[in-house]
Amino acid sequence: MSQRQVGWVGLGSMGIGMSKNLQNYLSSVSAPALIYTNRTLSRGEDLKALGAIPVETVREVASKSEIIFSCVSNDAILQQTTDEIISSGDFKGKIYVDCSTVHPDTSVKIAAQIESAGGEFVAAPVFGASAMAEAGKLIFVTAGPSSATSKIAPYLKEVMGRSVIEMGTEVSKSSLLKIAGNICVVSFMEVISEAHVFAEKTGLGSDILETMIGDMFGPVLESYSKRLTTGAYAPAPDGKAGFGVELAMKDARHALNCAKVAGTRLEVSEIALAHMAKASEFAVGRPLDSSSMYGAIRMDAGLDFFTDLCKERDSKK
């Protein structure tokens, strides 16, 4: 493969791990160092230590790169990023790859803008939390022109991800599959949270429930259970959420909107969103994970939002 210059925009909880793995790969094949930017550039110190090159603006990343990746928090920031990329100068022949979770209509709009500027757009949202991003074990869902997806393929599998699901040329399809996956995730989290509250209120106990979940449903759902039993649903005030509740609420709203347009309803997602909204009231001065719906369900059952484990942990801070 020719040694193309690659750029990166966005160093949130997902982007930082992804970009570090990408930079490690570029170094291993003697390719030009990754050029990156972020609203808070200091978040990239670990990336810089690996040899990546920080720049101040999105425009600079775009003007110096042939392939630009981004992973940002919402649709509005993606639109802003796209506007800055297009304003960077001649974009003819370049590729823009976005790994954010956004509404399918946003992906279609961005693709049209990039195409009008002479470039190609690939929608490439990912499945997996920040730990999987750090480990290079994400699942990519790609859609866009085959001439572009073939060029970005070397940077995905066994670099930033463990697999790639190809969705053809319609960029809305990858966004829809990502949203469908999120419907499953938020539904699993809602049901497991309800089961844990049931176990506590009936005296069954969370330990034996978690054992059953692992034995019956495997390590993925067991990991969801552990987000509750380890207190990760409500990290310490100086801690970090695996996936913030505000982002999960944004994703749930996208799912509900898409379902409404399609003429169907996502009742579990509606309930989960309401629980996350109630939980978010506790986010003042502390991070909350997407699984913090558990705290809201606890409150509905007359329990405290925070488990004894959370309270004991926080009292030591």
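How far apart are the end C-alpha atoms of helix α5, and what span should its 13 residues give?

1. Please keep in mind that this is a predicted model. Helix α5 covers residues 104–116, and at 1.5 Å a residue it should span 18 Å. The end C-alpha atoms of α5 are 19 Å apart, which agrees.

2. Next, the buried side of this helix. Pro-104, Thr-106, Ser-107, Ile-110, Ala-111 and Ile-114 are buried in α5. Looking down the axis of α5, you will find these buried residues within an arc of 150°, so they line one face of the helix. As a reminder, an α-helix has 3.6 residues a turn, so residues three or four places apart point the same way.

3. What do the buried residues of α5 pack against? Their partners are the helices α4 (75–86), α8 (171–202) and α11 (245–262), along with the strands β5 (95–98) and β6 (120–123).

4. On the face of α5 directed away from its buried side sit Asp-105 and Ser-116, which are exposed. After α5 comes Gly-118, with a positive phi near 95°.

5. There is also a sheet worth a look. It is open, with three strands in the order β7-β8-β9 and mixed pairing. The edges are β7 (126–127) and β9 (161–166), each of which pairs on one side only.

6. Which way do β7 and β8 run relative to each other, parallel or antiparallel? Strand β8 (residues 138–142) is antiparallel to β7, and two bridges join them. Here Phe-127 stands opposite Ile-139 of β8.

Technical notes
Residues numbered from 1 in each chain as written. Predicted model: local features only at pLDDT ≥ 70, side-chain atom pairs only at ≥ 80, totals over all residues. Heavy atoms only, no water. Helix = DSSP H or I, 4+ residues; strand = E, 2+ residues; numbered from the N terminus. Expected span 1.5 Å × (residues − 1). Buried < 20%, exposed > 50% of the residue type's maximum accessible area, 1.4 Å probe, protein only. Arc of directions from axis to C-beta. Contact = heavy atoms within 4.5 Å. Pairing = 2+ DSSP bridges.
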